[in-house]
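These are my notebook entries on a single structure. I set down what I looked up, topic by topic.

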Amino acid sequence: EEISKVIGNFPAVLVESESTASLPSVNVDQMYGAYEVTKHLISLGHKRIGFVKGNPEQKASPQRLKGFEMAMAEAGLPVDPALVVHGLFTYRSGLQAAEQLLDLPNPPTAIFASNDDMAAAVITVAHRRHLDVPRDLTVCGFDDTDFALSIWPELTTIHQPIAEISRAAVEILVERIREKRSGRTPKREQRLLDFTFVRRESDGAPPSK
């Protein structure tokens, strides 16, 4: 409703955002993407998995946390509250989160940061502590941004189809404009696009004790 008040009668499309108004939207299933990453980590043998949350003001954050929790519950693994830490989707917040997780008496064997910036920060902290990634610590991210390929090792992550999202948003916007000009009642189209799980070099089995 607040969004509707701001835009008035102008045609608009929401991208990666929830709305209670009659506005069309283009999204990727954030929850299921995080579920797939967590499920992958569990399949490698990880049980103590750290999770770095994103900015609480952004829609993706609770969705990605929910996907993580869903996969853990499905595998019968408890979620240790100490292993779920706050982040803001920024590199700096990822540094702080990684320090917090790796300072634990029983640190995680894998850390799933809910975006690539924070995952890159986790790898930086691991290197500072002379931990090999992925031999000593597995790290995964989300989004498949430039960070995923510019760090070493390259990051296992979820690829969001940014070009396809933009294209779909433009297509819907054009249709909204045509509907408005023809006097037709605008449809509230909600388009959900597929993500891709991209496995690179930052994940592996937990270290043997």
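The entries below cover the sheet, the salt bridges and the aromatic pairs.

**Entry 1**

I note at the outset that the model is predicted. I looked up the strand order and found an open sheet of 4 strands, β4-β3-β5-β6, with parallel pairing. The edge strands are β4 (84-85) and β6 (138-140), each of which pairs on one side only. I then took the pair formed by β3 (residues 49-52) and β5 (residues 110-113), and recorded 4 bridges in the parallel sense. Within this pairing, Phe-51 has Phe-112 in β5 as its bridge partner. I also checked what lies over these strands: helix α3 (residues 60-74) lies across β3, β4 and β5, and runs at about 165° to β3.

**Entry 2. Phe-51 and helix α3**

I asked which residue forms an aromatic pair with Phe-51. The partner is Phe-68, and the pair is stacked, with 4.8 Å centre to centre and 20° between the planes. Phe-51 lies in strand β3 and Phe-68 in helix α3, so the pair ties together parts that are 17 residues apart in sequence. I looked up accessibility for both rings. Phe-51 counts as buried because its relative accessibility is 0%, and Phe-68 is buried with a relative accessible area of 0%.

**Entry 3. Arg-64 and its partners**

I followed Arg-64 next, and found a salt bridge to the side chain of Asp-143 at 3.0 Å, N to O. This pair links distant parts of the chain, as Arg-64 is in helix α3 and Asp-143 in the loop between β6 and α6 (147-150), 79 residues apart. I recorded Arg-64 as buried at 3% relative accessibility. Asp-143, at 17%, also counts as buried, because the cut-off for that class is under 20%.

The side chain of Arg-64 also makes a polar contact with the side chain of Gln-30, at 2.6 Å. Gln-30 is found in helix α2 (residues 30-43) and is buried at 2% relative accessibility.

**Entry 4. Other salt bridges**

I counted 7 salt bridges in the model. One of them joins Asp-80 and Arg-48, with the closest N and O atoms 3.4 Å apart. Asp-80 lies in the loop between α3 and β4 and Arg-48 in the loop between α2 and β3, so this pair ties together parts that are 32 residues apart in sequence. I found Asp-80 partly exposed at 29% relative accessibility, and Arg-48 partly exposed at 24%.

I also recorded the salt bridge of Asp-136 with Arg-135, where the closest N and O atoms are 3.9 Å apart. Asp-136 is partly exposed at 26%, whereas Arg-135 is exposed at 57%. Finally, I noted one network in which salt bridges that share partners join Glu-99, Asp-103 and Arg-129.

**Entry 5. Aromatic pairs**

My search of the whole structure gave 5 aromatic pairs. In one of them, the ring centres of Tyr-32 and Phe-195 are 6.0 Å apart and the planes stand at 50°, so the pair is tilted. Tyr-32 is in helix α2 and Phe-195 in the loop between β8 (190-193) and β9 (196-198), so I recorded a link between distant parts of the chain, 163 residues apart.

Technical notes: Residues numbered from 1 in each chain as written. Predicted model: local features only at pLDDT ≥ 70, side-chain atom pairs only at ≥ 80, totals over all residues. Heavy atoms only, no water. Helix = DSSP H or I, 4+ residues; strand = E, 2+ residues; numbered from the N terminus. Buried < 20%, exposed > 50% of the residue type's maximum accessible area, 1.4 Å probe, protein only. Polar contact = N/O pair within 3.5 Å; in protein donor to acceptor, adjacent residues only side chain to side chain. Pairing = 2+ DSSP bridges. Contact = heavy atoms within 4.5 Å. Axes fitted to C-alpha atoms, helices over the stretch in contact; angles between N-to-C directions. Salt bridge = Lys/Arg side-chain N within 4 Å of Asp/Glu carboxyl O. Phe/Tyr/Trp six-rings, centres within 6.5 Å; stacked < 30°, edge-to-face > 60°.
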